Amino acid sequence: PTLTNTQVPGPGSALGGPAVANSVFAMARFANTIYVGGAMDKVGPRTGHGVPIDVVTGVVLPNFPTFSGPVKAVIIDGQGGWYVAGRFQYVEGVTHVGVVHILPNLAVDPAFDAGLDLTAGNSVNALWLEGNTLYLGGQFNSLNHGTALRNFLAAVNATTGSVLSFNSGTGPDWVVDAVVKFGSTVYFGGEFANVNATSRAALA
């Protein structure tokens with residue numbers, strides 16, 4: 001077998017196959033088996049950044065879509081599926097920035113698109129679903145592919161992802177990490193100091 005001194009991508013790469021907990025420095029092949037060596041202490045199946053697990057056994061459930069970056073919030077859609085949010089730009093190799101709807105059959109819903117820009121740093125950190133309205137909090141300044149300005153807080157149609165009329169004005173001046181709606185009032189928390197140029201540190 002041939003031994004090489006070439007590093008291969010670690011966790012989070014777009015490649016398939018197993019994941020390792022650190023770096024691989026050497027590989028060798030014998031028949032149908034590939035041997036690897038390096039600075040690692042764990043090797044396992046590549047799951048991506050978010051997976052469902054069995055609540056009894058803790059076993060990862062198979063065939064859940066793979067996300068290209070961290071998952072920060074998940075909420076059930078009430079119909080057997082999920083809304084998943086985070087700091088990702090691709091799901092199953094297809095562009096879906098910040099928030100995506102996963103159907104009960106584990107397919108990505110092609111009808112849902114909130115239109116966050118493919119910009120480094122854009123993320124959705126918090127979700128709240130009420131009826132057919134999905135509230136988003138995070139690090140973004142626009143949706144609908146740049147046509148709807150919303151600073152860090154927005155509401156979209158839960159079926160299509162289109163931006164709704166809810167608008168906090170100039171809004172918080174930095175990231176929103178939590179959203180809750182009670183009655184007709186939307187409460188949110190995060191890393192901001194002001195909301196609409198008025199002092200509202202971290203909670204409004």
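Tutor: Let me begin with a term: a nonpolar core is a set of buried Ala, Val, Leu, Ile, Met, Phe, Trp, Tyr and Cys residues joined through side-chain atoms within 4.5 Å, where buried means under 20% relative accessible area, exposed over 50%, and partly exposed in between, with a 1.4 Å probe and protein chains only. This is a predicted model, in which local features need pLDDT of at least 70 and side-chain atom pairs count only at pLDDT 80 or more, while totals for chains, interfaces and linings use all residues. Residues are numbered from 1 along each chain as its sequence is written, and side-chain values use heavy atoms, with hydrogens and water left out.

Student: OK, which residues of the largest nonpolar core touch the most other members?

Tutor: That core has 20 residues, and those touching the most other members are Val99, Val124, Leu127, Leu134, Leu136, Leu143 and Val156. At least two core residues come from each of S5, S6 (82-86), S10 (123-130), S11 (133-139) and S14 (153-157), strands here being DSSP E runs of at least two residues, numbered from the N terminus, as are helices (H or I, at least four). Another core, of 11 residues, lies apart from it and includes Tyr135, Phe152, Leu153 and Phe192.

Student: What is valine 156 in contact with, leaving aside its neighbours within four places in sequence?

Tutor: Counting heavy atoms within 4.5 Å as contact, valine 156 meets several residues, among them Phe112, Ala114, Leu134, Leu136, Leu143, Val163 and Leu164.

Student: Switching topic, how many aromatic pairs are there in the whole structure?

Tutor: The search finds seven, where rings of Phe, Tyr and Trp (its six-membered ring) pair if their centres lie within 6.5 Å, and planes under 30 degrees apart count as stacked, over 60 as edge-to-face and the rest as tilted. Phenylalanine 188 and phenylalanine 192 have ring centres 5.4 Å apart and planes at 55°, so that pair is tilted.

Student: Are those two buried or exposed?

Tutor: Phenylalanine 188 is buried because its relative accessible area is 7%, and phenylalanine 192 is buried as well, at 3%.

Student: And why does valine 60 count as partly exposed?

Tutor: Because its relative accessibility is 39%. Valine 60 lies in the loop between S4 (43-45) and S5 (71-76).

Student: Last one, what about the overall make-up?

Tutor: The protein has zero helices and 18 strands, and buried residues make up 36% of its 204 residues.
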